[in-house]
Amino acid sequence: YLKVGEQFEQALGLSERDSQLLIAELQSELSRQHARSEKYQKRLDEAESELRQAEVGIAAQKAPLEDREKELQRLRRVLDGERSLAARREAWYLQCQQQQIQSHSHELHQLCEMVSVPVHERLLEDQARHFRQRLEDLERRLRQSQIGRA
């Protein structure tokens, strides 16, 4: 029983360690993606600010302003892509956590359904005692039948 408990704790420890590593990895990736998203957001904010200054300053510089607008659109697409990617990764991360929780729950449920070692030993001892008695009874009958024939 202790060995089963130790094995279970080892398996649970390994599973928790793996889960923690995966969670740490996913959190690190999520942080990196958030940093990238903030970087692109900052670049977008800076580009929008520059665009407003240029419009106020000189109407003749329409062509450079159009170029800046294209850059802003590109940055918005990149930002949207990064947000979408971050959202998908976060959803995947949450799904992984849910699967791990379900897996742990299933493992615990299976462990609860097992017969404990002392109960199993008692059942085997009872069975052995029954067969010993049965064997003794058959041997006694055999001796009696041999004595009766002689």
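Me: Where do Asp126 and Arg129 lie?

Reply: Both sit in helix α3 (residues 117-149), 3 residues apart, about one turn of the helix. Helices (H or I, at least four residues) are DSSP runs, numbered from the N terminus. This is a predicted model: local features need pLDDT of at least 70, side-chain atom pairs count only at pLDDT 80 or more, and totals for chains, interfaces and linings use all residues. Residues are numbered from 1 along each chain as its sequence is written, and side-chain values use heavy atoms, with hydrogens and water left out.

Me: What is a salt bridge?

Reply: A side-chain nitrogen of Lys or Arg lies within 4 Å of a carboxyl oxygen of Asp or Glu. Asp126 and Arg129 form one, with their closest N and O atoms 3.0 Å apart.

Me: How many salt bridges does this rule give?

Reply: The count is 12. One of them pairs Glu71 with Arg43, at 3.8 Å between the closest N and O atoms. Glu71 lies in helix α2 (residues 62-113) and Arg43 in helix α1 (residues 2-57), so the pair ties together parts 28 residues apart in sequence.

Me: Is Glu71 buried, partly exposed or exposed?

Reply: Buried means under 20% relative accessible area, exposed over 50%, and partly exposed in between (1.4 Å probe, protein chains only). Glu71 has 29%, so it is partly exposed. Arg43, at 34%, is partly exposed.

Me: Which residue does Glu48 meet in a salt bridge?

Reply: Glu48 meets Arg76, at 2.6 Å from N to O. Glu48 is in helix α1 and Arg76 in helix α2, 28 residues apart. Glu48 is partly exposed at 21%. Arg76 is partly exposed at 31%.

Definitions and conventions
Helices (H or I, at least four residues) and strands (E, at least two) are DSSP runs, numbered from the N terminus.
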